[in-house]
Amino acid sequence: MRCTHQFFSEKKSLSPAAKWFIALALFLCFTIGSGFSYFVVYKEQFYRLFHVHYQKYPDDVMENIYWLEKAVKADFCNPRHALAKITDEKEWEKYRYLFMMHINLKLIEQHMRLAATFDKEVAYFYEAPWKEQYLRDLEKAEQCFETGLVYWEESKLWAEKASTGNFQFLYLTDIQNWEDERFRIANGELDYGKILNRELARLENVRATFLAMDEKTY
């Protein structure tokens, strides 16, 4: 998406330590006991490379987004290696819908974390000398929130597919948290559309405050 691609294009080249870490992670993924191929090619494999950092450094979040976006585009592995026990084609179908819903929800979360890196909750009067930098940061945060809205539409689409009457009495207990997400979307309890639009409205107010600042503000 535009938000992520812009940040990747603005990044400096990775340090030797960062390159070593990524190489090690890939090596472990290829070699540690797994029923998958030795190459990372399937959705489930890319999803396993996704990890949530306790720190909110942009590089960490963008790495997570990278793996999640690769998972969106990749093929599913054989049902034998799915992240839930699959016994028939109906379970396999619902599993795929839930997987896509969950991946898109995680992409929303990561874009919101990335937005928080650049967002300004309040525009203080004494920050007037740096308003141009803050305005550029707000634009980046805005792009992340808008990208989140795109993923939210995808999440709702897949959640709807997984909630049809065809699956009324089918519940995949191995991925209960995904089922819970689907249920919360269906009943309106989970609504990233409201959250993201609220953040965009707040951000616009902060931007307006900065734009109103001049040389007399501070």
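Author: Let's start where two helices touch: L105, I108, E109 and M112 in α5 meet Y192, I195 and L196 in α8. Contact here means heavy atoms within 4.5 Å. The residues of this contact of α5 with α8 comprise six nonpolar, no polar and one charged. Nonpolar covers Ala, Val, Leu, Ile, Met, Phe, Trp, Tyr, Cys and Pro; charged covers Asp, Glu, Lys and Arg; the others, Gly among them, are polar.

Reader: Before we go on, what kind of model is this?

Author: The model is predicted: local features need pLDDT of at least 70, side-chain atom pairs count only at pLDDT 80 or more, and totals for chains, interfaces and linings use all residues. Residues are numbered from 1 along each chain as its sequence is written, and side-chain values use heavy atoms, with hydrogens and water left out.

Reader: How are two packed helices described?

Author: By the angle between their axes and the distance between the axes. The axes are lines fitted to C-alpha atoms, for helices over the stretch in contact, and angles run from 0 to 180 degrees between N-to-C directions. Helices themselves are DSSP runs (H or I, at least four residues; strands are E, at least two), numbered from the N terminus. In this model, α5 (residues 89-118) and α8 (residues 192-211) pack at about 20 degrees, their axes 12 Å apart. That angle makes α5 roughly parallel to α8. The cut-offs are under 35 degrees for roughly parallel, over 145 for roughly antiparallel, 65 to 115 for roughly perpendicular, and oblique for the rest.

Reader: At roughly what angle do the axes of α6 and α8 cross?

Author: Roughly 165 degrees, and those axes come within 10 Å. That makes α6 roughly antiparallel to α8.

Reader: Is the crossing of α5 and α8 left-handed or right-handed?

Author: A crossing is left-handed if the near helix is turned anticlockwise from the far one by less than a right angle, and right-handed if clockwise. The α5 and α8 crossing is left-handed, and α6 passes α8 in a left-handed crossing too. The contact of α6 with α8 divides into 14 nonpolar, three polar and eight charged residues. On the α6 side, helix α6 holds E139. The C-alpha atoms of E139 and L203 are 9.2 Å apart in space, though these residues are 64 apart in sequence.

Reader: On to charges: how many salt bridges are there?

Author: Eleven, where a salt bridge is a side-chain nitrogen of Lys or Arg within 4 Å of a carboxyl oxygen of Asp or Glu. One of them joins the side chains of E127 and K120, at 2.5 Å from N to O.

Reader: Is K120 buried or exposed?

Author: K120 is buried, at 13% relative accessible area, and E127 is buried as well, at 8%. Buried means under 20%, exposed over 50%, and partly exposed in between (1.4 Å probe, protein chains only).

Reader: Which residue forms a salt bridge with R202?

Author: E121 does, with the closest N and O atoms 3.9 Å apart. This pair links distant parts of the chain, 81 residues apart: E121 lies in the loop between α5 and α6 (131-161), and R202 in helix α8. E121 is exposed, at 55%.

Reader: Where are R207 and E204?

Author: Both are in helix α8; being three residues apart, they are separated by about one helical turn. R207 is buried at 13%, whereas E204 is partly exposed at 38%. Elsewhere, salt bridges that share partners join D119, E121, E199 and R202 into one network.
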